[in-house]
Amino acid sequence: MTDRTTPGVDSGAKGPEELREQIERTRSQLGDTVEELAGKMDVKGRARARAADLRDKAGAMTVQLRSTAAQAGHTAHDRATHAGHTLHDRAAQARHTVQDKATQVGHKVQDRATRAGHQTQDRATKTGHELQHRVEHGVPQPARPVVRAAIRHPRPALVIGAALAAVVVVSWRYPKR
């Protein structure tokens, strides 16, 4: 057998009182050692303790992951909102640019149409004056009122002229035998 000496305990006692104290210390140390060994031998208890530790760690990780996911969600939401505002601003800018260009083109078209209308009106006035001059100087006196009426109201004159042209064509096409 090996001699195990307890630290702090002398191998020899000097009296019965000292011996009792040594025995008491040894018993206490022996109880602690037995408790340690019993704890190491309790597999179920150690497994439960380990499972509780793992549960605590898993709970902490879950909280951390939820927090991280929430932050990522907020960040994504903020970025999407910012991108939406940027896109909206760009679309508004493009809309204004297109409206401005359309307005410019509209003004150009209106100016050209006005110019063309004035030119047409000037030509019509000039043609009217020429017709009036021809009527005054080229048509015999008895036919002048009829020609003037035809110039002022051309639709009935055109209808009558078309009817006369039809009569001429028919009489030429189908002569009497």
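Author: **Helix by helix**

Confidence in this predicted model is highest in helix 2, at 90, and lowest in helix 3 (residues 144-152), at a mean of 79. The score here is pLDDT, the predictor's confidence in each residue, from 0 to 100. Over the protein it averages 85, and 93% of the residues score at least 70. Residues are numbered from 1 along each chain as its sequence is written, and since this is a predicted model, local features need pLDDT of at least 70, side-chain atom pairs count only at pLDDT 80 or more, and totals for chains, interfaces and linings use all residues. Side-chain values use heavy atoms, with hydrogens and water left out.

The protein has 4 helices and 0 strands, where helices (H or I, at least four residues) and strands (E, at least two) are DSSP runs, numbered from the N terminus. Read along the sequence, that gives the pattern α-α-α-α. The radius of gyration is 60 Å, well over the 16 Å that the globule rule gives for 177 residues, so the protein is more spread out than a compact globule. (That radius is taken over C-alpha atoms, and the rule is 2.2 Å times the number of residues to the power 0.38.) You can see it in the C-alpha trace too, which spans about 175 × 45 × 25 Å along its principal axes.

Now for helix 2 itself. Q93 is found in this helix, which covers residues 43-138, and H85 has its place in helix 2 as well. Are these two buried or exposed? Q93 counts as exposed at 57% relative accessibility, and H85 counts as exposed at 51%. For these words, buried means under 20% relative accessible area, exposed over 50%, and partly exposed in between (1.4 Å probe, protein chains only). Across the 177 residues of the protein, 4% count as buried.

From Q93 to A113 is 20 residues in sequence and 30 Å in space, C-alpha to C-alpha. H85 and E36 are 49 residues apart along the chain, with 67 Å between their C-alpha atoms.

R27 and E24 form a salt bridge at 3.9 Å, N to O. These two are also separated by about one helical turn, because they are 3 residues apart in helix 1. R27 is exposed, with a relative accessible area of 56%.

Definitions and conventions
A salt bridge is a side-chain nitrogen of Lys or Arg within 4 Å of a carboxyl oxygen of Asp or Glu.
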